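Please look over the sequence and the model below before reading on. The paragraphs after them go from the whole chain to single residues.

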Amino acid sequence: MLKAAILDDYQGVATRLADWSAIAKDVEIKVFDKPFASQAEAVQALQGFAIVAGMRERTPFPRAVIEALPDLKLLITTGAKNNSFDVKAAAERGVTVCGTGSAGNPTVGIVFGLMLELTRHIGFENARMKAGEPWQTTIGLDLEGLTLGIVGLGKLGQRVATIGKAFGMKVIAWSQNLTPEKAKEAGVGYASREDLFAQADFVSIHYQLSDRSRGLITAADLGRMKKTAYLINTARAPIVDQAALLKALQEKKIGGAVDHPYRKLDNVVLTPHLGYVSEQNYRQYFPDIVECIRAFLDGKPVRVIAP
């Protein structure tokens, strides 16, 4: 019987959000509900496993890890792409890499949840009331009439734009490849890079992390933002120059930021990976993992990710 590892099930939901009976007679499943402390620990723990299913980039599989797992035959990622998996190294070792589908766009809801927290302070005031603090201390700000600047007008960016307009916001967008014509087709205003950062009350980032986008948002961009503006990064932290962002926050040069690693700043709202974790997505991921394993066992792998 082959051994299969389901990694990073921090919330303990993998076994109840899918029917695993299709592979139960052929595969011995072990669920790991805690992250590995190091690459070496991951390698040690996964010895003897022929099948490993990872949750997005929570546990990376670079060449060194793949080469240290001689029994590995099938590596699965949630989603259709995983930048932390060395797919080329896997192919060279004869390891099949497969992905899953996904459902919905939970990141979009998180963007507006964060906007509302930053402007209406719902969570903050809720905590104060429950702690027995005096009556309301904050003054809320309506989203209607504010300017939302979207960096990256792809699928997610366009969804955010649609909801922003429903809130009555003025929506503008910029990206390296965006043209005025494409912005018009999406129903948003086109702005230059300089104008977007200078005009926006919220800047929301919707770029994939790559060599091209790493450090895309610079100190100069942050310097153009209003002191009352907010930066929302539900993409990846390295897309923003981290040293420049920390300096801007510490010097109160912008109103605040989201998705920054420093936890001691009072003008930062931090979240775990909420934008990726939704019940709808999980109910897609785990059944698809079962399907990937069954198809592999039958010699007909599905959703194979090629180098």
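What follows describes the chain as a whole, then a sheet, then a helix and some single residues.

This is a predicted model, in which local features need pLDDT of at least 70 and side-chain atom pairs count only at pLDDT 80 or more, whereas totals for chains, interfaces and linings use all residues. Residues are numbered from 1 along each chain as its sequence is written, and side-chain values use heavy atoms, with hydrogens and water left out.

The chain has eleven helices and twelve strands, where helices (H or I, at least four residues) and strands (E, at least two) are DSSP runs numbered from the N terminus. Along its principal axes the C-alpha trace spans about 60 × 55 × 35 Å. Of the 307 residues in the chain, 44% are buried; buried means under 20% relative accessible area, exposed over 50%, and partly exposed in between, with a 1.4 Å probe and protein chains only. The accessible surface of the chain comes to about 15400 Å², and carbon and sulfur atoms account for 53% of that surface; such areas come from the Shrake-Rupley method with a 1.4 Å probe, and for residues only the protein chains shown count as cover. Among contacts between residues at least 6 apart in sequence, 62% join residues at least 24 apart, a contact being heavy atoms within 4.5 Å.

In general, strands of a sheet pair through backbone hydrogen bonds, either parallel or antiparallel.

With β3 it pairs in the parallel sense over four bridges, and Ile51 has Leu74 in β4 as its bridge partner. Strand β4 (residues 74-77) is also joined to β5 by three bridges, again running parallel, and Leu75 stands opposite Val97 in β5.

Helix α10 (residues 242-250) has as its buried residues Ala244, Leu245, Leu246, Ala248 and Leu249. At the start of α10, a side-chain oxygen of Asp241 reaches to within 3.2 Å of the backbone nitrogen of Ala243, and just after the helix Lys252 takes a positive phi of about 55 degrees.

Asp201 lies in the loop between α8 (193-199) and β9 (202-205), and it counts as buried because its relative accessibility is 13%. The side chain of Asp201 makes a polar contact with the side chain of Lys226 at 2.9 Å; a polar contact is a pair of N or O atoms within 3.5 Å, where, within protein, one must be able to donate a hydrogen and the other to accept it, and residues adjacent in sequence count only if both atoms are side-chain atoms. A polar atom of the Asp201 side chain also lies 2.8 Å from the backbone nitrogen of Thr147.

Gly152 lies in the loop between β6 (147-151) and α6 (155-166), and it counts as buried because its relative accessibility is 5%. Leaving aside neighbours within four places in sequence, Gly152 is in contact with Gly157, Trp174, Ser175, His206 and Tyr207.

Terms used:
Two strands pair if DSSP finds at least two bridges between them.
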